[in-house]
Amino acid sequence: MTTAAPAPSSRDLPHPAREEIRLEGVLHALSDPMRLRIVRELAAQDTELACSAFDVPVTKSTTTHHFRVLREAGVIRQIYRGTAKMNGLRRDDLDDRFPGLLDCLLAAAARQAARLDED
């Protein structure tokens with residue numbers, strides 16, 4: 001006798017499979033300064049972070065939108081752990097699909113941030 005897979009929970013969030021991640025979607029997601037800031041922080045921490053861990057100067061609904069764009073582009077993975085929605089960078093998937101792209105973009109963003117801090 002086989003058992004059926006559990007029904008998806010309303011808390012399950014859709015993510016593209018690795019092979020469905022598109023370059024133009026990733027570039028669009030990272031073109032926004034707030035989303036790039038979120039990704040830079042995830043890359044720097046190298047661990048999952050709750051949405052509340054990010055100090056972004058926008059409303060909660062706008063923050064939710066930014067996380068959704070990143071998730072739907074395949075840049076981050078979101079999963080509920082208890083009541084917290086945790087966010088992790090999909091570095092392995094991005095590096096597999098577009099070798100070197102994420103590191104290059106993060107390095108360029110760091111250089112840009114350093115220049116802006118100098119002004």
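Modeller: A crossing of two helices is left-handed if the near helix is turned anticlockwise from the far one by less than a right angle. The model is predicted, and the crossing of H1 and H3 in it is left-handed. The axes of helix H1 (residues 23-30) and helix H3 (residues 60-73) come within 9 Å and cross at roughly 160 degrees, which means that H1 is roughly antiparallel to H3. On the H1 side, Gly-25, Val-26, His-28, Ala-29 and Leu-30 take part, meeting Val-69, Leu-70 and Ala-73 of H3.

Arg-35, located in helix H2 (residues 33-45), touches residues including His-28, Ala-29, Val-69 and Leu-70. Arg-35 is buried but has no salt bridge. The nearest side chain of opposite charge, that of Asp-32, is 4.4 Å away, whereas a salt bridge requires nitrogen and oxygen within 4 Å.

Elsewhere, charged side chains do pair, and the structure holds 8 salt bridges. Arg-18, Arg-77, Arg-90, Asp-93 and Asp-96 are linked in a network of such bridges. Within it, Arg-18 pairs with Asp-96, their closest N and O atoms being 3.5 Å apart. This pair joins distant parts of the chain, with Arg-18 in the segment before H1 and Asp-96 in helix H4 (residues 91-97), 78 residues apart. Arg-18 is partly exposed, at 31% relative accessibility, and Asp-96 is partly exposed at 45%. Asp-93 and Arg-90 form another bridge, at 2.8 Å between the closest N and O atoms; Asp-93 is buried, with a relative accessible area of 12%, and Arg-90 is buried at 4%.

Terms used
Residues numbered from 1 in each chain as written. Predicted model: local features only at pLDDT ≥ 70, side-chain atom pairs only at ≥ 80, totals over all residues. Heavy atoms only, no water. Helix = DSSP H or I, 4+ residues; strand = E, 2+ residues; numbered from the N terminus. Buried < 20%, exposed > 50% of the residue type's maximum accessible area, 1.4 Å probe, protein only. Lys, Arg positive; Asp, Glu negative; His and termini not counted. Contact = heavy atoms within 4.5 Å. Axes fitted to C-alpha atoms, helices over the stretch in contact; angles between N-to-C directions. Parallel < 35°, antiparallel > 145°, perpendicular 65-115°, else oblique. Lists of a residue's contacts leave out its neighbours within four places in sequence.
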